[in-house]
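Have the structure open as you read.

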Amino acid sequence: RGTDVFKPPGMTRVPLAGAEMAGGLNRRGGIVPAIDLRTRLGLGARDGGHVPMAIGIESRGESFGLLVDAVSEVLKLSDSEREANPINLDRNLSRVSSGVYRLNDQLLVILDIDRVLDLGAEAVAA
């Protein structure tokens, strides 16, 4: 199945689920848990008029949708250029980051999907 990026056509809220569990969404004909990365990373609420994008992923044989604000481009980066997390990286990001890349005066934080999902395990199980 792989990874894909899409605009979620709609979500069904899951009763009693944690705040980071945005609901269930349709991915390739199946309903998958949608995890709001803004909430997961402690970034505050999304602007009510802003429609998030979803990144469909698979981890440990399960499918998930990660809700993000936007996707600007997809990059293929060499593992040899990845650096360790800087000591001043935000604590919420460092918990789920597997390293960083320096790109033209910007720092690209690489999320470790297993860590993101482990931290949200109680929401996914709900």
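Val51 counts as partly exposed because its relative accessibility is 48%, where buried means under 20% relative accessible area, exposed over 50% and partly exposed in between (1.4 Å probe, protein chains only). You'll find Val51 in the loop between H1 and S5; helices (H or I, at least four residues) and strands (E, at least two) are DSSP runs, numbered from the N terminus.

A word on ground rules: this is a predicted model, where local features need pLDDT of at least 70, side-chain atom pairs count only at pLDDT 80 or more, and totals for chains, interfaces and linings use all residues. Residues are numbered from 1 along each chain as its sequence is written, and side-chain values use heavy atoms, with hydrogens and water left out.

Now jump 65 residues along the chain to Val116, whose C-alpha atom is 22 Å from that of Val51. Val116 sits in the largest nonpolar core, a group of 11 residues that also includes Ile35, Met53 and Phe64. Such a core is a set of buried Ala, Val, Leu, Ile, Met, Phe, Trp, Tyr and Cys residues joined through side-chain atoms within 4.5 Å. Strand S5 (53–59), strand S6 (62–68) and helix H3 (113–119) each give it two or more residues, and S6 has the largest share, with 3. Apart from this core lies another of 6 residues, Phe6 and Leu25 among them.
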